[in-house]
Amino acid sequence: MAYDQNVLRAHFCHALSEMYKSEVPLYGDLIDVVWNADAKTVQDSHNIEGNHVINPDDVLPARHRVERHGAIRLGTAHELATIRRMFAVMGMHPVGYYDLSLAGFPMHATAFRPNTQEALDENPFRVFTTVLRMELLTERTRKLAQKALDQRNIFTPRLLALLDIAESQGFLASDQCTELISNGLETFRWHSKATVTFEEYEELKAEHPLIADVVSFPSSHINHLTPRTIDIDLVQKLMLDHGMPVKERIEGPPKRSCPILLRQTSFKALEETVYFKDPSGSYVKGSHTARFGEVEQRGYALTREGRQLYDQILDRVNAEAAKNGLKGEAYDTLLAERFKEFPDSLSELHDLRLGYFIYRLTSPNDQSVNESLLSEEKLHPISLQDLLDKQILSYEPITYEDFLPLSAGGIFNSNLGGVSQSKQLIMSADPDLDGFQRLLGACVADEFHLYAVMQQKSLEICRQKLQLREVI
């Protein structure tokens, strides 16, 4: 394997998926359910009846079937900074800051992912990465958590050496790439032997179950991997049909003609056997609930204006639902009704500047048509709207590559076995981007800026092909 970041990322993603499939067999069943749902959706969209089956892999974009996002939970600045170094070797960079305190979790997060359209098209693997906010823990729990974290190292010595080589040389040899994958997997592997006593585990869990999950084990075990589907409502139904322990509702915006942002569901975390140390050094049997299987349907990326409108509607829905005690289907009905306010056609999303788009030449090979239409404009600025009106340019929406903190909170909450003692204290906390970036050892990219760059780059390519002086 030559050192190509896209290839290395794809190989690591595949290896991680295979490892998780062996650790959580129900995840393998979930992959099959997603394939069947996509196949049926593609079949129905082509109005094909009978026994002929269209393979969705032949129709959907190449990235669709291999697409995964994972999630890990870290405890220290060293762990976060080292994960950043490891993912950087694979062409994954911190994008977006997520304050999870608003959902009642004592942590904040970023997503490591490719940050260009070209790299995303090659392999869009991303990892939602949270780290504990120690200042939001009570003093006793903080000391206990710090003691447990100080005693572990989630990275192998060889992985750290390989990161040094990659950073100093700027590349890895083929055998070193293979080593990086095998050693990197150890950071995310499940361990059934805890590093704390049962009493310590119970104390951590009593304050917040996620604290116990973060600090009680010798690795930052991957807690879910997420395939992508084109019809999450059908996946939800098929998961129920297969008897999977599905969460009650799909997180995110309601079903729409023009899907926006991100919709997610999951099967609930399974109770797993764990062994805890007792004072004599022996192990006693217990259990832990953390790992689950998630599915996502990705919609279109929204501009700041679009996201502001989305958040305003969602805030009103949540306030009304809380006031009237609405949950489950009643909540979803209210959500769908209120989101009728959000424009649901591509032309509206574009013209109202609610979404980001890629621009392309409508007839890239018909230069004579373009020249006749643009003969007088080449020396003068021309508006984007004129190019669209003359059907010289067309547009398509940019896929949303990031996450929603409230949706992540909804997924996490559905997989927790208890209620936090300190939830109100946590929810009153302010976001701390500066503190997170200090732990990370780097700045977090703004996702809106990345989408805007993609949009502007596509327009600039069109301007150059049309030999225009300026597009305004």
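This is a predicted model: local features need pLDDT of at least 70, side-chain atom pairs count only at pLDDT 80 or more; totals for chains, interfaces and linings use all residues.
**Entry 1: helix 7 against helix 10**

I started with helix 7, residues 139-150, and helix 10, residues 198-207. Their axes are 10 Å apart, and the packing angle is about 125°.

Next I listed who makes the contact. Helix 7 brings R140, T141, L144, A145 and K147, while helix 10 brings E200, E203, L204 and E207. Sorted by class, I get five charged residues, three nonpolar and one polar for this contact of helix 7 with helix 10.

**Entry 2: helix 8 against helix 9**

Helix 8 crosses helix 9 in the left-handed sense.

On the helix 8 side I found R158, L159, L162, L163 and I165, and they meet Q176, E179, L180, N183, G184 and T187 of helix 9.

**Entry 3: S219**

Is S219 buried or exposed? I got a relative accessible area of 1%. Buried means under 20%, so S219 counts as buried. I found S219 in the loop that runs between helix 11 (209-215) and strand 6 (224-227).

What does the side chain of S219 reach? I traced it to the backbone oxygen of R189, at 2.5 Å. Leaving out residues up to four places away in sequence, S219 touches R152, I154, E186, T187, R189 and H191. T187 had already turned up in my notes, on the helix 9 side of the contact with helix 8.

**Entry 4: helix 12 and its ends**

Last I went through helix 12, residues 232-241. Its buried residues are I232, L234, V235, Q236, L238 and M239. I then checked what covers them: the list includes helix 2 (25-45), strand 7 (262-267) and strand 10 (293-298).

At the N-terminal end of helix 12, D231 is the cap, with a side-chain oxygen 3.3 Å from the backbone nitrogen of D233. After helix 12 comes G243, and I noted its positive phi, near 75°.

Terms used. Residues are numbered from 1 along each chain as its sequence is written. Side-chain values use heavy atoms; hydrogens and water are left out. Axes are lines fitted to C-alpha atoms, for helices over the stretch in contact, and angles run from 0 to 180 degrees between N-to-C directions. Helices (H or I, at least four residues) and strands (E, at least two) are DSSP runs, numbered from the N terminus. Contact means heavy atoms within 4.5 Å. Ala, Val, Leu, Ile, Met, Phe, Trp, Tyr, Cys and Pro count as nonpolar, Asp, Glu, Lys and Arg as charged, and the others, Gly among them, as polar. Buried means under 20% relative accessible area, exposed over 50%, partly exposed in between (1.4 Å probe, protein chains only). A polar contact is a pair of N or O atoms within 3.5 Å; within protein, one must be able to donate a hydrogen and the other to accept it, and residues adjacent in sequence count only if both atoms are side-chain atoms. A crossing is left-handed if the near helix is turned anticlockwise from the far one by less than a right angle, and right-handed if clockwise.
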